[in-house]
Structure formats: structure tokens, C-alpha cells
Amino acid sequence: MVRSYGTSLRQVEGARRMFAHMLVLSLLLLAPAAAYAQTTAARETKPVKMVVLGDSLSAGLGLSAPAAFPARLQKALQSKGIAVDMINAGVSGDTSSGGRDRLDWSVPEGTQAVILELGANDALRGIDPKVTRSALTDILTRLKARGISVLLCGMLAPPNYGADYSARFNAIYPDIARQFGVPLYPFFLEGVATEARLNQPDGLHPTAEGIDVIVKNILPTVEAFLGAITGQPS
């Protein structure tokens with residue numbers, strides 16, 4: 001069977017035009033998807049603005065700034081691909097009431113997350129647990145009103161004030177965590193308290209090695225906390 005040359009040319013031209021139209025249509029359909037992917041990627045890599053509001057345990061008393069808890073935590077998160085803009089708002093000697101009193105300037109506008117580490121000095125000084133509970137409650141109430149997520153770090157009272165004091169003080173953190181529906185890391189000094197080799201000569205403040213132990217222990221909790229904020233799996 002012999003086909004005419006003119007018919008073949010028309011068929012080729014028609015196929016070429018159809019291919020061109022399909023190519024243009026594909027580009028139009030892919031462009032929004034590509035733009036969405038770029039926007040999503042930018043959102044995922046945007047650092048979370050975080051403040052560590054605490055006392056000397058987070059301020060890094062006796063340590064260099066890079067060895068303090070906020071800096072070491074930030075580095076650990078970065079190693080896992082989690083970007084955080086970190087502010088160390090730890091003040092040595094601060095009580096929970098002191099943290100409440102400086103809350104507004106310690107936690108600037110735009111903050112998305114706060115790690116709340118206060119209460120150790122309250123326990124050391126034997127401050128009435130009612131005062132500590134009230135101050136921490138006020139802090140969480142005000143941060144919640146600002147739309148800021150909070151990870152609460154618990155503290156345990158030393159035994160020298162008796163069992164009744166310890167029971168009342170130690171109950172503060174799980175109670176408040178339940179009340180506000182915030183995640184709780186039960187004991188900030190887990191794995192470090194009473195370990196002489198991980199503490200400075202005063203027996204109260206972690207060494208750089210002690211801080212690394214704290215960071216290692218708390219890291220999974222912080223990852224889950226940030227994952228809930230960003231909507232990304234931890």
C-alpha cells in the first residue's frame with residue numbers, strides 16, 4: 001500500500017502541534033507545584049525562635065557561653081537538622097518569682113517557644129511552694145495568652161526541708177503541666193544531680209560535661225516539642 005507524501009506531512013505536523021500543546025500544558029500544571037514545594041521547603045528550614053527562661057542552671061554559671069545549656073542544646077538540634085534561633089534568658093540566682101517579674105523583656109515579641117527552667121533557687125531557699133506554684137502559673141498563663149508554646153522543666157526539692165516540703169514542692173510541676181496541657185521534662189538535672197564528676201566544686205552547678213549529659217537526656221523531649229510546633233515529625 002502506498003501512502004501519499006502530502007498526507008504524511010500533515011500527520012507529522014499535527015503530531016508536532018499536539019506535542020507542543022501538551023508540553024505547554026505540563027509546564028503550566030507543574031509551575032504551581034514547584035512554587036508550593038519551594039515555599040514548603042523555606043517554611044521547613046525557617047528557624048524556630050526559642051527562649052530558655054531560667055536560672056544559673058541554664059545561664060551557665062561558671063561556664064563559657066558556648067558551654068551553657070542553650071548553646072549546647074542549639075548545637076545538638078542543628079546536628080539533627082533542626083534550626084533554632086536561641087536566646088539564653090537565664091539569670092543566676094533567679095527564683096520563679098524573679099522570672100515572672102522579668103518575663104516581658106526576657107521573652108521578646110516573635111518568640112515561638114520557651115523552655116521554662118525555674119524553681120531550683122526556690123527549693124534551695126525553702127520558699128513556700130504556694131509562692132513557686134503561683135509564679136509559674138502566672139508565667140504560663142501569660143505565655144499562653146501570647147500564643148507561645150512552653151516546655152516545662154521540673155525540679156526536685158532537696159531533702160533538708162523535710163518530706164512534707166518536698167512532697168508539696170515536687171508536685172508543682174506535674175500539676176501545672178496537666179493544668180496547661182504543656183509537655184513536662186520531669187527533672188532538669190536528671191543524670192547529673194549528686195554526680196560529683198558532673199558538677200562544679202559547689203556541688204550544685206553542672207560542669208560542661210554535665211551540661212552535655214542534660215542535653216543528651218532532654219533532647220528527645222525537645223525534638224518532640226519542636227515537632228509539635230512546626231508540624232514536622234521529630
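Residue numbers start from 1 along each chain as its sequence is written, and side-chain values use heavy atoms, with hydrogens and water left out. Because the model is predicted, local features need pLDDT of at least 70 and side-chain atom pairs count only at pLDDT 80 or more, while totals for chains, interfaces and linings use all residues.

**Stop 1: H7 and H9**

Select residues 129-145 for helix H7 and 172-180 for helix H9. Helices here are DSSP runs of H or I with at least four residues, numbered from the N terminus. The two axes come within 11 Å and cross at roughly 30°; axes are lines fitted to C-alpha atoms over the stretch in contact, and angles run from 0 to 180 degrees between N-to-C directions. H7 is therefore roughly parallel to H9 (angles under 35 degrees count as such). Now show side chains: the contact (heavy atoms within 4.5 Å) includes Leu136, Leu140 and Lys144 of H7 and Ile172, Ile176 and Phe180 of H9. By class, the contact residues are seven nonpolar, four polar and three charged. For colouring, Ala, Val, Leu, Ile, Met, Phe, Trp, Tyr, Cys and Pro are nonpolar, Asp, Glu, Lys and Arg are charged, and the others, Gly among them, are polar.

**Stop 2: bring in H8**

Look for Pro129, Lys130, Thr132 and Arg133 of H7 meeting Tyr165, Arg168 and Phe169 of H8. This contact has three nonpolar, one polar and three charged residues.

Next, how far apart are the axes of H8 and H9? They lie 5 Å apart, at an angle of about 20°, so H8 and H9 are roughly parallel to each other. Here Arg168, Phe169 and Asn170 of H8 meet Ile172, Tyr173 and Pro174 of H9.

**Stop 3: the second largest pocket**

Centre the view on Ala120, Leu124, Met155, Leu189 and Leu204, which lie nearest the pocket's centre among its 23 lining residues. A pocket is an open set of points on a 1 Å grid over the protein atoms alone, where a 1.4 Å probe fits, with protein on both sides within 12 Å along at least five of seven lines; lining residues have an atom within 4 Å of a point. Its volume is about 410 Å³, the space filled by probe spheres set on the points, which are joined across faces, edges and corners. Helix H6 (120-125) and helix H2 (56-59) each give two or more residues to the lining, and H6 supplies the largest share, four residues. Coloured by class, the lining shows 14 nonpolar, eight polar and one charged.

Conventions: Parallel < 35°, antiparallel > 145°, perpendicular 65-115°, else oblique.
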